[in-house]
Amino acid sequence: MLRTEINELLTQTGPGTPMGDLFRRYWQPVLLAEELSANDGPPVRVKVLSERLIAFRDSEGRYGLMDEFCAHRGVSLWFGRNEEGGLRCPYHGWKYDYTGQAIEVPSEPETSNFCANVKLKSYPLVRRGDVLWAYLGDPARQPPLPEWEFVTVPEGQAYTSKRLQECNWLQALEGGIDSSHVSFLHSGSLDSDPLFKGSRGNAYNKGDLKPFFEVVDYEGGLLIGARRNAEEGHYYWRVTPWVLPNFTMVPPRGDHPVHGHFWVPIDDENCWAWSFDYHPTRRLTETEVAAMRAGMGVHSANDENYRPLANRDNDYLMDREAQRRGETYSGIKGIALQDSSLQESMGPIVDRTKERLVATDAGIIKARQKLRKAALALAEGVEPVGNRPQDQKVRSVAIVLPADQSFVEGIGEAMIAKPGVPQTTV
Ligand code: FES
Ligand SMILES: [Fe+2]
């Protein structure tokens, strides 16, 4: 359980908050590349860390991300005309380039210096993999570009999606580092979802409902080991990396692609659940990509605004008959919606003063401590970790080890992402 003020510290990420300042030290995924697919295409609204922004791609393919509202009288530039090297406000024709600099103010004489003094707040927006990344922090502290393996593998080896999750980012993240719920909530999906089934690990997952957690510090965050019984004298370990502040990976199953998430605050009551799949050594098959597009595995079927079709307005299409037949444990179809339905059910910001944590929540407890420490330390001038390339070259691991071996010793360098090297998986 947490005191109210600590819960607030961890969950509030708007400008000027300690956790908001921490988030502003990292490149965050804000758009899929497909959302700005053409030069001079429609601008797209971006709300991230409680800031309302507009993104566009200019005539030369440069990405701009800036204040959503026109500097003249505050019109939303979502209504803007994206033309000839800039975004023009349709009200009185003020035009901005991709850096937010005003380049035309038609009412003012061309000889005046008016334009030069008008600039919207703007942030860098860059493409890496299928994702557009933004950095909202101090330009002097801008870290190197993201080096996560899912955006650096060769073309065709990764697939990324996003879905709206209508709750605070932290309760979504906490689901990502809580391996113990898999044996319950996702038990019906392990052997039916095409992106999960067929792995030997599934049987261990379902056979041992009381995993033992061991959590160790690692470069950019934590390695969270969940130990379950395997064959006589052996344990099955699922090792989940968490990298500050909001990156998690799911341990692999068989030769399936590996998946992971970013949990990106939109505001304090909503977040984007970014979900990626990649295979370190091969292209994804057509069947795999079709399953991902259809919303299987860690993905979901969404409307054109990336809100899941099964959502809280329709009770997530709860099917109690399927639950009774044993096809789903909670009655909700699909791993992503199984997670978000329950996390949204806690309310927009769960009251952590009322929770009763147990041993299987060890990863969650440690991650909260680290987040709090990092936010408070940053306020004292100590730069955080997790934004350096070496922190990001990380993988999840699934492995069977002799009972007397620690997981840290047993996995060796398996949690380090190395180009062309297969993942360690069961
Ligand atoms: S409000 Fe945008 S040009 Fe007047
Ligand atoms: Fe889950």
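1. V215 lies in strand β13, residues 212-218; helices (H or I, at least four residues) and strands (E, at least two) are DSSP runs, numbered from the N terminus. This is a predicted model, in which local features need pLDDT of at least 70 and side-chain atom pairs count only at pLDDT 80 or more, while totals for chains, interfaces and linings use all residues. Residues are numbered from 1 along each chain as its sequence is written, chains are lettered from A and ligands numbered from 1 in the order in which they are written, and side-chain values use heavy atoms, with hydrogens and water left out.

2. Is V215 buried or exposed? V215 counts as buried because its relative accessibility is 17%; buried means under 20% relative accessible area, exposed over 50%, and partly exposed in between (1.4 Å probe, protein chains only). Leaving aside residues up to four places away in sequence, V215 touches L222, L223, I224, A362, G363 and K366. Contact here means heavy atoms within 4.5 Å.

3. Helix α9, residues 335-345, is mostly covered, with nine of its eleven residues buried. Among the buried residues are I335, L337, D339 and E344. The buried residues of α9 pack against β12 (158-165), α4 (169-176) and α5 (187-190). Just after α9, G347 has a positive phi of about 100°.

4. The protein chain is divided into domain 1 (27-141) and domain 2 (149-411); the bounds come from an automatic or database domain assignment. The C-alpha centres of the two domains lie 34 Å apart. In contact are 17 residues of domain 1 and 19 residues of domain 2.

5. How much area do domain 1 and domain 2 bury between them? The value is about 1,500 Å², 57% of it on carbon and sulfur atoms. Buried area is the accessible area (1.4 Å probe) that two parts lose on being put together, summed over both. P29, L32 and K47 supply 31% of the area that domain 1 buries against domain 2, more than any other three residues.

6. The rule finds three salt bridges across the interface of domain 1 and domain 2; a salt bridge is a side-chain nitrogen of Lys or Arg within 4 Å of a carboxyl oxygen of Asp or Glu. K47 forms a salt bridge with D267, with the closest N and O atoms 3.0 Å apart. On the side of domain 1 that touches domain 2, the elements giving two or more residues are β1 (28-32), β2 (44-48) and β11 (131-134). Of these, β1 gives the most, with five residues.
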